[in-house]
Every structure is written in C-alpha cells, then in structure tokens.
Amino acid sequence: IIQDTTDPVTPTIADETFECSGTPTMPTTTDACDPATINGTTTTTFPITTLGTTVVTWTFTDASGNDTTANQNVIIQDTTDPVTPTITDETFECSGTPTTPTTTDSCDPATINGTTTTTFPITTLGTTVVTWTFTDASGNSTTANQNVIVQDTTDPVTPTIADETFECSGTPTTPTTTDACDPATINGTTTTTFPITTLGTTVVTWTFTDASGNDTIANQNVIIQDTTDPVTPTIADETFECSGTPTTPTTTDSCDPATINGTTTTTFPITTLGTTVVTWTFTDASGNSTTANQNVIITSCTADLSLTKTVNNAIVKVGDTIIYTIKLKNDGPEDAFGVQVTDALPSGLQYDAGNSIIPAGTTYNTIANIWDLSNITVLNGQTIELKIAANVTGAGTITNVSEVTQNNQLDPDSTPNSGN
C-alpha cells in the first residue's frame, strides 16, 4: 500500500507591495509525494484596497488532502498626490465666500475637499488669489489657485437730506451716506460755494462717491432768511436858516450788504420855523424796517416882501370886466417860504376865472380869498404877478385890498396879517 500522509512543503512567501490596490501573485509549493506544483488558495478577496498591510493566509493542499498554510504580507500604499483641479474664478458683489472646491484621488474613493488659510468672506475689492490644498487620507496633497473677484458696481445709498435754515448766511453740515461695499462713511461733495448768502432757497446738489467710483446725488434745500431789522441809527440834528433839506441818513443791515437809505413822509424843504421832528424809516431788502427820529431846526431869516396892486380900468360900468394886477416882490435878503396873500373881492364884483392868470405853482381860493404861494419859493429879488379878473355886477365905489397874511420869514418893515 502506497500512501501519502505527508503535508506539502510550507513555503516562505515574499511580501508584495502595491500602489492603491493589488492582487498578489498566487504562491506555489511542492509535495514529497505529489510531483505536481501545488497552488495556494485563500479566502481573502482580491484586489486588496485597504491601505496598509494585509496578512493573506494561503493554504496548500496536495492530492491526498494533506495541507499546509503560509502567510504573506500584502502592503497597499498611497504615495500619489490627489488630482490637481482647475478651479473656476468666482465673482461677488461687495463680499463673498467661494464654494469649497473638491478633487479626486486614485487611491481614495472619497471626495477630497479643499482647505485654505484665506479668511472668508472676502471683502477686499479686486482679485484675491485663494490657494486651496487638497490632502488625501495618506497625507499626500496638492494645491490649486482660484481667483476670487470682489467687485463694487452698486451706487451708495441715496440719502434724504433735511432742509437747513440760516439767518443772513450759512454753511450746511456736510451730509453723509453709507455704501453696501464700502464700510467707510461717505461724505457728500458739492460745487456750491459756501457760505450761501443769497436770500431764499438754494438747492444744493450733493454727490456721494464710493471707493470704486460709483456715485449717487441728493438735493438739499438751504434756506437763507432775513428776519432781523436794520440797525437803528442815531441821527444828528441839522440846523438851517430859513429852510432846509436834511441829508438822507443811512444805516446798515446784518443780512443786506447794501447801504440802506432812510425814507420819510416829511415834505422838503422844511420851511416851518423851529424844530421839526422828521421820522426816517429804514427798510432792508426783506421788508424788515426800523425807524429813527431827527430834529431839523429852521432858524428865522429876513425876507422883505411888498405888494403893489393896479387895476386896468378905474372907471367902469356894470357888465364890464376889470383886471387887478397884484405884484408880490421879495427884496430879500433871503428867499421867502410859506407865503400867502389875502385878496377878497368886494361886493359888486364877481370873480372871472376865464380871464384870471394864476402863476404856476400857486393857487387862488375864491372862497377863502387866498392867493397861496406856500408851495413855491419866492426868491430874493423875485417878483411874482397875479391877475384877478372880475365882472362888475353893481354900481358904486369899489375898494379892493390885498395883504400878505402869512410868511415864514421875518419882514423888517411889516407884520403878516396885521391889516397893513
């Protein structure tokens, strides 16, 4: 009986090393009784993908069923860097965090996320180069750059600017605004010249420009008002002989650069002797006004007035027209003001306006019987002539008397309204 109870030779199997995965070569052995090569068998599943060392137990069985086992170290390593990806640029408005890029690895089935030391979100305007690192489970890594572009195409916020009101002049406070992309406060700029002095409402257009050159505009009403009266001046007294017109006084105004002339309702020249209080009103361009009084003093002067009277026909009959010629002469030495002459037509005469000649600037009142020269100046040496025409309505002796009844000056040889 030939039997085989001897196990095959236990082989020594060399280690095998693979990159990422591998299937080792099937080992063999020999048998003392079996001339055929005996191949090893194993329960290990191939290919092996687990990184590190896997101990594969091989079993060698001869034809008689005798067997032996031997171990083999199968080493799976990963020394290959991950795939270096091409990362698309990303563009953001104002700020942004790019999507985390990924890559693959020949040995690592899991998706590999990139990591970076860049701080997100990125707020710096322009292009920031982000370096991403991709590391596999074995510590192999690769890097790839990505351009992250932060832009600012948005205008600053358009502010609503409150009106500002000033007295006389003013410079408004510089308005500000914000910007979605620019953390700094944005000050407005304008081409308007300050301070504003023009009364009324000036529309100031403010421009707000961010660091990227985007801008917006907003209008502001700046109101310059004048509610202040002009300065009330102290006006010196003025003294004149006979008559006078005082110098027009002036004043100033805090809001109105122009000199303000006084106005008055007093009629000039003043001829009334003594002190006349003239009330002057000073009104600025905005209608604000103040008043101030001035004493205008008229001292006496001398004007020697005389009257001569003639009639064109001393012998008349009823129905005739006669003409009285009254001549007022000023023998000086000063001009005369405020002169009135009384001439009353007696009974038997009826005033004839059509044939009377009244000098310019004077009037003849037939009711009061006054020839009024108070609106004119009777100059030194001047003679003024009045012609009074009358119709004769009754018979008898007619006597007509004329008299200077008012004169603002002294008359050296007569007194007005004295009956002489």
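**Close-up views of selected sites**

**View A. Cys168 sits in the loop between strand S11 (164-167) and strand S12 (176-177).** Strands here are DSSP runs of E with at least two residues, helices are runs of H or I with at least four residues, and both are numbered from the N terminus. This is a predicted model, in which local features need pLDDT of at least 70, side-chain atom pairs count only at pLDDT 80 or more, and totals for chains, interfaces and linings use all residues. Residues are numbered from 1 along each chain as its sequence is written, and side-chain values use heavy atoms, with hydrogens and water left out. Cys168 has a positive phi, near 80°, and is not a glycine. Most residues other than glycine have a negative phi. With a relative accessible area of 13%, Cys168 is buried (buried means under 20% relative accessible area, exposed over 50%, and partly exposed in between, for a 1.4 Å probe and protein chains only).

**View B. Asn369 also shows a positive phi, about 60°, without being a glycine.** Look for Asn369 in the loop between strand S25 (363-365) and strand S26 (370-372).

**View C. Phe120 and Pro121 are joined by a cis peptide bond.** Omega is about -5° at this bond. Pro121 belongs to the loop between strand S8 (112-113) and strand S9 (126-135). Most peptide bonds are trans.

**View D. Another cis peptide bond runs from Gly332 to Pro333.** Here omega is near 5°, and Pro333 lies in strand S22.

**View E. Asp343 and Lys309 form a salt bridge, with their closest N and O atoms 2.7 Å apart.** Asp343 is in strand S23 (residues 340-343) and Lys309 in strand S21 (residues 303-311), so this pair ties together parts that are 34 residues apart in sequence. A salt bridge is a side-chain nitrogen of Lys or Arg within 4 Å of a carboxyl oxygen of Asp or Glu, and by this rule the count comes to five. Asp343 is buried, at 0% relative accessible area, whereas Lys309 is partly exposed, at 26%.

**View F. Glu385 meets Lys327 in a salt bridge of 3.8 Å, N to O.** The two are 58 residues apart and link distant parts of the chain, with Glu385 in strand S27 (residues 383-392) and Lys327 in strand S22 (residues 321-333). Glu385 is partly exposed, at 33% relative accessible area, and Lys327 is partly exposed too, at 36%. Glu385 also forms a salt bridge with Lys387, where the closest N and O atoms are 3.5 Å apart. Through shared partners, the salt bridges join Lys327, Glu385 and Lys387 into one network.
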